[in-house]
Amino acid sequence: MDYDLVLHDVQLVSAQGVRRATVAVADGKVADVLDAGTRPSAAEHLDAGGLHLLPGLVDTHVHLRAPARPDRETFRSGTAAAAAGGVTTICEMPTSEPPVNSGRTLADRAVRLQPDALVDYALYGGAAWENRHEIAAMAEAGAVAFKTWLHAPALGREAEFTGLSCPDTGRLHEVMREVARTGLVHALHCEHEQILAVAGENARHQHGVPGAVHAAARPQVAEDASVATVLALAAATGARVQPVHVSSAESVVLAAEARARGVQVTVETCPHYLQLDEKTLFEFGSWAKCNPPLRSAATVERLWAEVRAGRVDVIGTDHCPYRPEEIAAGEQDIFVSPPGLPGLETMLPILLTAVHDGRLTLPDVVRLTSARAAEIFDLPAKGRIAPGADADLVLVDTCRQWTFRPEGFSKAAANATFLEGARFTGGVVTTFSRGHRVFDGGHIVGEPGHGRFVRPDRARVAGRRTTT
């Protein structure tokens, strides 16, 4: 048969291993994975020269907020950054204006974003007490998962978090029960509201560099206590929970112990919790501010141990775009600046560098950034290079050495001053989204509107619903 595209001489990476292969693409799908050296008829041939071919990344944790804040990020700039970073599916969090807290807002957002999308996208719905009766409607509208913050929103951001924040544990119990009935994953920002309140008040009276004040205001125990609470509620409700952007190895251990008891829990962490530690926060202050904060070097090493042991399921960027002046406003009072770091363009280079340094293998990278995410979020066409899957493909050069500069396709790229001068080994050469080149040779070559809204497989999700 004739194919649209054939990639020759690739080192095909899956979660199971690496092998030489020829990959054939037709109608936006992987049509065949053939023996190396096979040369079937095709409209286009690409000789990869032995480069590694990975499934396109599924970023489980992205904040773009477009189109409400084009000064921070647009959906076009955000999905361009994703393409440059080898991310072919973004799962966008519900923090937008208006927040995604109803079936109608989710359905409207799915349509409104599409003309600017360069890669595929899925949408989280917000789940809180005040909108608990909208949870089923958001699932019906195609939500990939639900998200709840377990602390109160920052002053001035209350409207943005309507239907997203639930610090009351009693009410959270009922919200988790409603999410469990949908069969979808319930992602939770785990920081204990009461511990944060006391620690934050104490930290305001401390003297020291702003980064140290931020670390003191959000201690690790706030995360661990919140994760423990979520796991107890998950056991009671049958919910599929995922503590997100986990910075604490102790929280990973708690989740692993609960999983052994039958609790449906998966764990997400972020590249910055593996690459950076609190010394970066102390040096760069508001420019390196995220929630939870960067932890000690010893904690980072313990988290790496959990990743290598397979007890962390996915890595997502938690990409957060802000204007530089918003971050600079916290250089003296770190409580003033918003939390969050850019990451769409750097996640894969960070992990490829970890492979070069011997911390991970390439199959580990695929498992953590695509294969496991597609499984957890019921996206069977994503996360693998196999016949019938979407031809979301990333060619990477694992030997390329380069120095990071805070620039890129995301409007927030300039905020990554904490990485300036960092040395990376490995980078993206070409990204294909459903068989179409969207990034190649350092340039965006795809067209806005190529990306499409993706929703979880209905049959798979139906089999996961609870009746509690």
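Modeller: Happy to, and let me start with the lining of the second largest pocket: by class, eleven of its residues are nonpolar, eight are polar and four are charged. Please keep in mind as we go that this is a predicted model. The volume of the second largest pocket comes to about 450 Å³. Its lining is made up of 23 residues, and Glu345, Trp402, Phe404, Glu407 and Gly408 are the ones closest to the centre. E14 gives the most, with three residues.

Now turn to the largest pocket, which has a volume of about 1100 Å³. Here 44 residues form the lining, and the ones nearest the centre are Pro153, Ala154, Leu155, Arg218 and Asn291. Sorted by class, this lining holds 17 nonpolar, twelve polar and 15 charged residues. Three elements each bring at least two residues to the lining of the largest pocket: strand E9 (145–149), helix H5 (193–204) and helix H6 (210–217). Of the elements, H5 gives the most, with six residues.

The crossing in which H5 passes H6 is right-handed. On the H5 side, the contact is made by Leu196, Ala199, Gly200 and Ala203, and on the H6 side by Val213, Ala216 and Ala217. Six of these contact residues are nonpolar, one is polar and none is charged.

For comparison, there is another helix pair to bring up on your screen: H13 (residues 347–356) and H14 (residues 362–376), whose axes come within 9 Å and cross at roughly 150°. That crossing angle is why H13 counts as roughly antiparallel to H14. H13, too, passes its partner H14 in a right-handed crossing. Leu348, Leu351, Leu352 and Val355 of H13 make the contact with Leu362, Val365 and Thr369 of H14. The class make-up of this contact is six nonpolar residues, one polar and no charged ones.

While the model is open, a few backbone details are worth a glance. The peptide bond from Ala66 to Pro67 is cis, with omega near 5°, and Pro67 lies in the loop between strand E6 (57–62) and helix H1 (75–84). Another cis peptide bond joins Glu97 and Pro98, with omega about 0°. You will find Pro98 in the loop between strand E7 (87–92) and helix H2 (103–113). Lastly, Asp27 has a positive phi, near 55°, although Asp27 is a residue other than glycine. Look for Asp27 in the loop that runs between strand E2 (18–26) and strand E3 (29–35).

Technical notes. Residues are numbered from 1 along each chain as its sequence is written. This is a predicted model: local features need pLDDT of at least 70, side-chain atom pairs count only at pLDDT 80 or more; totals for chains, interfaces and linings use all residues. Side-chain values use heavy atoms; hydrogens and water are left out. On a 1 Å grid over the protein atoms alone, a cavity is a set of points where a 1.4 Å probe fits but cannot get out, and a pocket is an open set with protein on both sides within 12 Å along at least five of seven lines; lining residues have an atom within 4 Å of a point. Grid points are joined across faces, edges and corners, and a volume is the space filled by probe spheres set on the points. Helices (H or I, at least four residues) and strands (E, at least two) are DSSP runs, numbered from the N terminus. Ala, Val, Leu, Ile, Met, Phe, Trp, Tyr, Cys and Pro count as nonpolar, Asp, Glu, Lys and Arg as charged, and the others, Gly among them, as polar. Axes are lines fitted to C-alpha atoms, for helices over the stretch in contact, and angles run from 0 to 180 degrees between N-to-C directions. Angles under 35 degrees count as roughly parallel, over 145 as roughly antiparallel, 65 to 115 as roughly perpendicular and the rest as oblique. A crossing is left-handed if the near helix is turned anticlockwise from the far one by less than a right angle, and right-handed if clockwise. Contact means heavy atoms within 4.5 Å.
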